[in-house]
Amino acid sequence: MALPKVVADGPLAPLVEQLLAGQVELLPWSVAEAGTTATIDGLYTYGHPLVDGAMLDRLPGVRVVSNYGVGVDHIRLADAAARRIPVGNTPGILDGATADMAFTLLLAAARRLIEGDRYARGPAFLRYDPGYMLGVEAHSQTIGIIGMGRIGRQIAQRARGFDMRVVYHNRRRDEASEQRFDAQYFPLDDLLAASDFVVLSVPLTDHTRGLIGARELRRMKPTATLVNVARGPVVDTAALTTALQERWIFAAGLDVTDPEPLPRGHPLLACDNLTIAPHLGSATEQTRRKMAEMSVTNLLAGLANQPLPFPVR
Ligand code: 8YV
C-alpha cells in the first residue's frame, strides 16, 4: 500500500526522520508552496512557515497539520478549523527549557557575560581591573513577567529562587500564581516602570504583535533589561535598536527577533548591550526528543483519521 504523503519543512530532526521512516513519504515544503495537488495527506511544520487557507485549498487532501513546537502563530488556526483539519503542537514539555533560556539570557545580559567572554579570550585581558564591565544584580530585584502562562509560571518559579519580587501582566489575573509566587498583577505600563527585568513569554497574536515599542521601552528603567523568549514581532526591532544604542535601557537578551534571523549587518547586532541566541529556547536534547515524539504521534494519528493526542487548544 502506498505510504501517506507528507509535506515537511526541514531540515528535520534526525529523530523525526527515524520515527517517520517507513510510515510516510516525505516531500519538500516547496511542494506546498507550488501548485495545486490533491495527493498530499499531511503537513509537518518544523520552522515557522505560513500555513493558511490558500495553501490548504491548494492541498485539499490534507487531513492533519502537525507542528514541531508549541507556538502556532504561523498556522492560521481558523482556516484549518473551517476546513475541519486538526492542528497539533507540543505543549507543556518545553516550558522548563524555555524558562531556563529566559534565565540564561537574563543573567548573561545582567552580568555582561558575552562581552566578558570575548574580553577574557582577547588580547586586551592582561591584568585584572576592578572597574571594568560592571553589570547589574539579578537577585532580589523585581522581575516583570508579561504572559503568565505555562512558560511564564516556570520563569516565576526560577525568579523566586533568586529572591526576586515577581510582578506580572496577563490577559487575565492568575490567582494561583499570585499565591504560589507571591506575584502581583500590574497593568502593563506599571509593570514596565517597576521592573528591573521585563521578560516576554506571550504567544504572538494580533494583541501582542508590537506590544513593546518605543513608548514602552521609554517607560522602562534605564537600568532595566528586556528579555524575549516569545516571538520576535512582540518587540518593535527598530525601537529596540535605538533603545540599546541610546541606552534608554541597560540591556536586552533575545532568543527571538523580527525578522528571524536578522539580516547580517543589522545595527541591533552591533549593540554590545545585546545578548542574543538563535532561537534556542527548546533546544535541549531532552526537550527536542519529546517534541519529536509528540509531533510525530500527532501526525500519524491525523493521517489515520484518529483524534490528535496533543491538539492545539
Ligand atoms: C521552535 C518554539 O518552534 O515551540 C516553540 O514555539 O519557538 C520552538 O520550540 C522550534 O525551535 C522549531 O522551530
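Analyst: Helices (H or I, at least four residues) and strands (E, at least two) are DSSP runs, numbered from the N terminus. This model is predicted, so local features need pLDDT of at least 70 and side-chain atom pairs pLDDT 80 or more, while totals for chains, interfaces and linings use all residues. Residues count from 1 along each chain as its sequence is written, and side-chain values use heavy atoms, without hydrogens or water.

User: Between which two elements does His74 sit?
Analyst: His74 is a loop residue. Strand S4 covers 65-67 and helix H4 covers 77-82.

User: Is His74 buried or exposed?
Analyst: Buried means under 20% relative accessible area, exposed over 50%, and partly exposed in between (1.4 Å probe, protein chains only). His74 has a relative accessible area of 4%. That is under the 20% cut-off, so His74 is buried.

User: Which side chain makes a polar contact with the side chain of His74?
Analyst: A polar contact is a pair of N or O atoms within 3.5 Å; within protein, one must be able to donate a hydrogen and the other to accept it, and residues adjacent in sequence count only if both atoms are side-chain atoms. Beyond four places in sequence, His74 is in contact (heavy atoms within 4.5 Å) with residues including Thr45, His48, Leu50 and Asn67. The polar partner, at 3.0 Å, is Asn67.

User: Which strands stand at the edges of the sheet?
Analyst: Five strands form an open, parallel sheet in the order S2-S1-S3-S4-S5. Two of them have a single partner strand each, so one side of each lacks a neighbour in the sheet. These edge strands are S2 (25-28) and S5 (87-88).

User: How far is the side chain of Arg160 from the backbone oxygen of Phe181?
Analyst: Arg160 lies in helix H7, residues 150-161. Arg160 is partly exposed, at 36% relative accessible area. Leaving out residues up to four places away in sequence, Arg160 touches Val166, Phe181 and Asp182. From a polar side-chain atom of Arg160, the backbone oxygen of Phe181 lies 3.4 Å.

User: How far does a polar side-chain atom of Ser282 lie from an oxygen atom of the ligand?
Analyst: Ligand oxygen atoms are 2.8 Å from an N or O atom in the side chain of Arg231 and 2.7 Å from one in the side chain of His279. For Ser282, the distance from a polar side-chain atom to a ligand oxygen is 2.7 Å.

Notes
Two strands pair if DSSP finds at least two bridges between them.
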